[in-house]
Amino acid sequence: MMYRCSCRGRARDAALSHACPDRRRVLGLVALAALGAVGGLTGCGDQAAETQSLAPVEIDRATSCELDGMLLADYPGPKAQVHFAGQAQPSFFCDTVELFNTLLAGEQVRAVRAVYVQDMGATDWDKPQGHWIDAKTALYVLGSKRHGSMGPTIASFAKEADASRFATEYGGKVLRFTDIKADMVDLSGGALHDTRM
């Protein structure tokens, strides 16, 4: 069965002689737009899934540290997680010192998609839960008297006022993410300070 344009018989009318090609063009554009919309919806779904996969993941009793296998819930102080490209679940760290040591190591070549630390101004130091914040916008206190799982730690905060109050009470210096350098993160000690890592 062949479709025949009904406007061909009206060649006398100049305005209608171009109606069929224009109508075909419009229908073609509509079809392309529909395909683009379907593709766009697929892209939106992928983006939503990626955004969800980059959201911080809460620790539980079985969550262990990527570097040493320590159970995060067993130790005080701020914890961290890194979402590496090509990895379905984040890598967890039982201490921010381990986080910075990993991120600042010269041999670290995995692409980082997201990094989270805990806001110690909002959670309990001895049993921190939740309150994950973007590590790159957080404020840190280096050199305080407070200890985490690895001994002296780098306390993380969402608000500058909380970081300053912590530094006043426990000592240390308030720094931004980019201020922390490799020579500032020492992994010697461990939870009981009985080994060098």
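**Walking through the fold**

A: Start at Ala158, which is found in the loop between S6 and helix H4 (160–170). Keep in mind that this is a predicted model.

Q: Is Ala158 buried, partly exposed or exposed?
A: Ala158 is partly exposed. Its relative accessible area is 36%. Buried would need under 20%, and exposed over 50%.

Q: What does Ala158 touch, leaving aside its neighbours within four places in sequence?
A: Ala158 is in contact with Asp119, Ile133 and Leu139, once neighbours within four places are left aside.

Q: How far apart are the C-alpha atoms of Ala158 and Val117?
A: They are separated by 9.4 Å. Along the chain, Ala158 and Val117 are 41 residues apart.

Q: Which residue stands opposite Leu139 in S6?
A: Phe157 in S6 stands opposite Leu139. Further along, Leu142 has Ile154 as its bridge partner in S6.

Q: How do S5 and S6 pair, parallel or antiparallel?
A: Antiparallel, over six bridges. Strand S5 covers residues 139–148. S5 and S6 form a hairpin, with two residues between them.

Q: How many residues of S6 are buried?
A: Six of the seven. S6 runs over residues 151–157 and is mostly covered.

Q: What's the strand order in that sheet?
A: S6-S5-S7. It is an open sheet of three strands, and the pairing is antiparallel. S6 and strand S7 (173–176) stand at the edges. Each has a single partner strand, so one side of each is left without a neighbour in the sheet. Neighbouring strands are turned by 40° against each other on average, direction ignored.

Q: Which strands does H4 touch?
A: H4 packs on the sheet and touches S5, S6 and S7. The direction of H4 makes about 35° with that of S5.

Q: And where does helix H3 lie?
A: Across S5 and S6. H3 spans residues 96–104 and runs at about 85° to S6.

Q: Switching to Val117. Which residue is its bridge partner in S4?
A: Ile133 is the bridge partner of Val117 in S4. Ile133 also turned up among the contacts of Ala158. Strand S4 (residues 132–134) pairs with S3 in the antiparallel sense, over three bridges.

Q: What stands opposite Val117 in S3?
A: Ala80 does. Strand S1 (residues 80–84) and S3 pair in the antiparallel sense over five bridges.

Q: How many residues of S3 are buried?
A: Five of its seven. Strand S3 takes in residues 112–118 and is mostly covered.

Q: Where is Pro78?
A: Pro78 lies in the loop between helix H2 (19–53) and S1. The C-alpha atoms of Pro78 and Val117 are separated by 6.8 Å. Those two residues are 39 apart along the chain.

Q: Does Pro78 count as buried or exposed?
A: Pro78 counts as buried, at 0% relative accessibility. The cut-off for buried is under 20%.

Q: What does Pro78 touch, not counting residues up to four places away in sequence?
A: Its contacts include Thr153, Ile154, Ala155 and Ser156. Pro78 also touches Cys94, Asp95 and Thr96. Gln118, Met120 and Trp125 are contacts too.

Q: Now the whole protein. How many helices and strands are there?
A: Four helices and nine strands. Along the sequence the pattern reads α-α-β-β-α-β-β-β-β-α-β-β-β.

Q: How much of the protein counts as buried?
A: 37% of the 197 residues. The accessible surface comes to about 11600 Å². Carbon and sulfur atoms account for 57% of that surface.

Q: What about contacts between residues at least 6 apart in sequence?
A: 61% of those join residues at least 24 apart.

Q: Last topic, confidence. What is the mean pLDDT?
A: The mean pLDDT is 80, and 69% of the residues reach 70 or more. Over residues 6–19 the pLDDT is below 50. Beyond near neighbours in sequence, that stretch has five contacts in the model. Over residues 190–197 the pLDDT is also below 50.

Q: How should I read the coordinates where pLDDT is low?
A: Not in detail.

Note on methods: Residues are numbered from 1 along each chain as its sequence is written. This is a predicted model: local features need pLDDT of at least 70, side-chain atom pairs count only at pLDDT 80 or more; totals for chains, interfaces and linings use all residues. Side-chain values use heavy atoms; hydrogens and water are left out. Buried means under 20% relative accessible area, exposed over 50%, partly exposed in between (1.4 Å probe, protein chains only). Two strands pair if DSSP finds at least two bridges between them. Contact means heavy atoms within 4.5 Å. Accessible areas come from the Shrake-Rupley method with a 1.4 Å probe; for residues, only the protein chains shown count as cover. pLDDT is the predictor's confidence in each residue, from 0 to 100. Axes are lines fitted to C-alpha atoms, for helices over the stretch in contact, and angles run from 0 to 180 degrees between N-to-C directions.
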